[in-house]
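Visitor: Please take a close look at one part of this model for me. I would like to hear about a single chain, and then about how that chain sits among its partners.

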Amino acid sequence: MLGIIALIIDGVLIGSVYGLAAMGLTLIWGVMNVVNLTHGAAIVAGMFALYLLTSGLGIAPYAALPLILVGGFFVGVGLYWIAVHRMIGRPPLMILLSTFSVNLVVIGLGTAVWGTGLFNVQVSLPGITWQRYTFSGTHILAAVLTAVIAGSLYLFLYHTRLGKAVRAVANNREAAELSGIPTTRVLSLSFGLGVALAGAAGMLIATMFPFTVLAGDAYQLKSFVVTALGGLGNPAGALLGGVALGLVEGFAAQFMPVSWTLVIEFVLFVVVLIIFPRGVFAFTRT
Amino acid sequence: MSALLEVDGLSMSFGGLRAVSDLSFAVGEREILGLIGPNGAGKSTVFNLINGVFAPNAGRVMFHGADITGHAPYRVARAGLARTHQIVQPLPDLTVLENCTVGACFGREHLPLARARAVAREVATFVGLEDRLATPAAQLTIAGKKRLELARALAARPLLLLLDEVLAGLNPTEIARMLTVIRSIRERGVAILIIEHLMQAIMGLSDRIVVLNSGQKLAEGTPSEIANNPAVIEAYLGDPELAAKLHAGGAP
Amino acid sequence: MNTAATGAIVDDRPTPILRRPFFWIMALVIAAFVAAPLIGDNVELRESLLLAAVYITLASNLNLMLGYAGYINFGSIVFFGLGGYISVYLISALNWPLAAAELAAGIAVSLLALVFGLGILRLRGAFFALATSGINEGVQAFVANFEPWGGSAGLYLPTTIFAPLGGPMRALWVIYFLLVAVMGASLYLSYAVKTSKFGLGLMAIGQNEDAAVVLGVPAPLYKALAYSLSAFLPALAGGLYFFKSAFIQPADAFDLGLSTEAMVIVMLGGRGTITGAAIGAYLYEELRGFLLTSQTFSNFQLVVSGVLLLVIVLFVPGGLMGWIYGRWPRMKQVLE
């Protein structure tokens, strides 16, 4: 019984970070109807940014978070102007190919520079022990920071003018344009936010697990599964979906080899999309 | 006149919004039935329910004796029901001829390619696009695109044609031309269900009119009956100009 | 005018294939593939052209989904790999002759594709694309754990398999000609679909799926058929390719990088054009060869593909053929 509770708690902790990762993806989707196939690369970039900042510049791991958030934001805005801006209004096929090609470039550069080997960022943090179980300090702090970031996002979207503009554009771009909202600026800002969230999630994941340049694909898939669970454009749903995925992974790991996890997630992805086109947690939509 | 299309107790809600409530009407063979109503009355939704874009929450759609309620749009098209859209949907990179050929290939007669192309040519000529057959649809003017939308629907040789605001955005000359085309379509034996905001046009064109308001049927009758119906005039009272046109256009 | 004197509508027959310049150009290309390496028994050229034939096969068949119907198939390589595995297994473990094994592989993979296709083709756009790479990952994971097929270590074929074909040297030539035949069949299939009612329906779907459905195009069925059809010849190609290598392993058979390259080739040459797949494959192979031998660039293959794709999508979405048709519209009558 205790074992199951421990499994649940850890699943929730890790899952919340998956939720954070997915929030970036679902935000971009909700605001501009673009499926960002560079999402995985953004997560990996966050991981390697942590690595570089800690090993190269000796910055304390968690101090890197604000740097990665800000850096990720500007990279995201740049990415919007390079690959996405021209493609708004063009057939969705083309936008997919556009973000996909950037992903190729980034992952390609990554493998050229760092190869495909395993990287690790050493983070020593005391855990919390309860009965026989120790909950890793990194897992706990990652979940806490996720809550902080998610909370900030909520405050931004619902209690600032800019945030309301973002929601307006997500709701109906033409109407927003007509009411004087500078939609292009909002779009680029939202893209920047989405990438920043992905990068932050990557950084938090890197504090918990070792990673490779190619890990982006796996985490991008997780983000898609979470987005499917939570409903497109629904950040609150993404958080719930992330927790759900974390729980599923935790339990699945007890019964089957890790190599099958990806397969399970793909099947889950397809099944959820077919049965719940609006997302399982769509009731959280406001 | 036997009913070609029968809509019975049709209801549709989106979330909490009741778009269509318990709607019933029928279109006979070779009849032109006009569907009018203020903005947001649910007219386009009715079309979407008839041709299978949405499945209704309640009610039935009977076409040519068969129940087509909730059938996928391509099955409905195959049964002989064609439709144009309020916002034109050309296949942009395909030529006018190719657009019409698609209609002919996958419509009621399900023609093989060579024959379909010939039918497409004929139909494109009928609407006046014969000198644009090789033009990509994206390059047509808005009037041209509207004509293409019509031709493409006709190419399917339908028994019933659903026209959704086919006159919107056209100048008076184009409108007159389109009205002539629509009348000749009826001459060819095709029944027509038409949504239109241009009161004079629809009053002059239709054999009968159904008035929709907030998703419910407000009135049904001949154009002159409708024009003199106090409930109808009241529904349009928010737009006195429209009410006046109604009255003027409804004069037999 | 094609209305006869009586006013009746006369069928609008297109130009028969033998009178189209395109047919003769393609026939010439295939003849060149066959004849060129034979001159002087040029094995090096043959190997290079064999790779080109594989790329052209993969790209032409990918075009059915990507070019006509407008659906991205990230995991198209799964057909190639699975065809390879089925064929190699039938030959090595069950001693089937090459022709039978190939055909069986092709049919089996097409049927599997039909089943999977019917499932995932309800998904639109990005989700379909991701589901296709999921299928590839899933099949790869399955094969890597499937002992009868060698698991993650793969399957080896003994050189005795070349005996029925007249020994290793001769077998390599036979395989090459068979692959050229598969390439030719792929080009012809692209053409046959493009000029058929089925192809017109696919293109309507690619232009505006909602409008196509209202016009009567049975989209779910057509998409599944296209997906299944696009599996057959790549499966054959995979069977031949891995038979020739006498070795197959999951990492090579289900290499997503190859699907990506096929996609870049289709976009480079011109999405939806048949000539484009051929020219694109040739250009890409030249580029790739240069990159692999160049000191600075050998690690950057993926990066170059990505940049190339981005530039095409942003600035020349019609690819090479799109650009040619834009500048010389008459070429549309000559090429496809």
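Guide: Chain B has a radius of gyration of 18 Å, in agreement with the value near 18 Å that a compact globule of 252 residues would have. The model is a predicted one. Along the principal axes, the C-alpha atoms of chain B fill a box of roughly 55 × 40 × 35 Å. Of the 252 residues in chain B, 48% are buried. Take the contacts in chain B between residues at least 6 apart in sequence: 65% of them join residues at least 24 apart.

Six strands form an open sheet in chain B. Their order is E6-E7-E8-E3-E9-E10, and the pairing is mixed. Two strands of chain B sit at the edges, E6 (81-83) and E10 (216-221). Each of these pairs on one side only. From one strand to the next, the twist averages 15°.

Look inside that sheet. Strand E3 (residues 32-36) of chain B runs parallel to strand E8 (residues 191-195) of chain B. Four bridges join E3 and E8 of chain B. In this pair, Leu33(B) stands opposite Leu193(B) of E8(B).

Two histidines of chain B deserve a check of the backbone. Start with His64(B), whose phi is near 55°. That is a positive value in a residue other than glycine. His64(B) lies in the loop between strand E4 (58-63) and strand E5 (66-67) of chain B. His64(B) counts as partly exposed because it has 17 C-beta neighbours inside 10 Å.

His110(B) is not a glycine either, and its phi is positive, about 45°. The loop between H3 and H4 of chain B holds His110(B). With 15 other C-beta atoms within 10 Å, His110(B) is partly exposed.

Those two flanking helices lead on to the interface with chain C. There, 28 residues of chain B are in contact with 23 residues of chain C. Three helices of chain B give two or more residues each to the side that touches chain C: H2 (73-79), H3 (96-106) and H4 (113-127). The largest share comes from H4(B), with eight residues. By class, this side of chain B has 15 nonpolar, five polar and eight charged residues.

Now the other partner of chain C. Chain A puts 28 residues in contact with 29 residues of chain C. Helix H4 (92-114) and helix H11 (261-275) of chain A are the elements that give two or more residues to this side. H4(A) supplies the largest share, 15 residues. The side of chain A that touches chain C divides into 22 nonpolar, five polar and one charged residues.

Chain A and chain B share no contact. Their closest C-alpha atoms lie 11 Å apart.

Chain A itself has eleven helices and two strands. From the N terminus on, its elements run α-α-α-α-β-β-α-α-α-α-α-α-α. The C-alpha atoms of chain A fill a box of roughly 60 × 45 × 35 Å along the principal axes. Buried residues make up 51% of the 286 in chain A. Of the contacts in chain A with a separation of 6 or more, 79% come from residues 24 or more positions apart.

Finish inside chain C, with one helix pair. The axes of helix H4 (residues 98-120) of chain C and helix H9 (residues 219-245) of chain C come within 7 Å. They cross at roughly 145°. The crossing of H4(C) past H9(C) is right-handed. On the H4(C) side, the contact residues include Leu98(C), Ala101(C), Ala105(C), Val109(C) and Leu118(C). On the H9(C) side, among them are Lys223(C), Tyr227(C), Phe232(C), Leu236(C) and Phe243(C). By class, the contact of H4(C) with H9(C) has 15 nonpolar, five polar and two charged residues.

How values were computed
Residues numbered from 1 in each chain as written. Chains lettered and ligands numbered in written order. Predicted model: local features only at pLDDT ≥ 70, side-chain atom pairs only at ≥ 80, totals over all residues. Contact = placed C-beta atoms within 7 Å. Nonpolar A, V, L, I, M, F, W, Y, C, P; charged D, E, K, R; others polar. Axes fitted to C-alpha atoms, helices over the stretch in contact; angles between N-to-C directions. Left-handed = near helix turned anticlockwise from the far one by under 90°. Buried ≥ 20, exposed ≤ 12 C-beta atoms within 10 Å, placed from the backbone. Pairing = 2+ DSSP bridges. Rg over C-alpha atoms; globule rule 2.2 N^0.38 Å.
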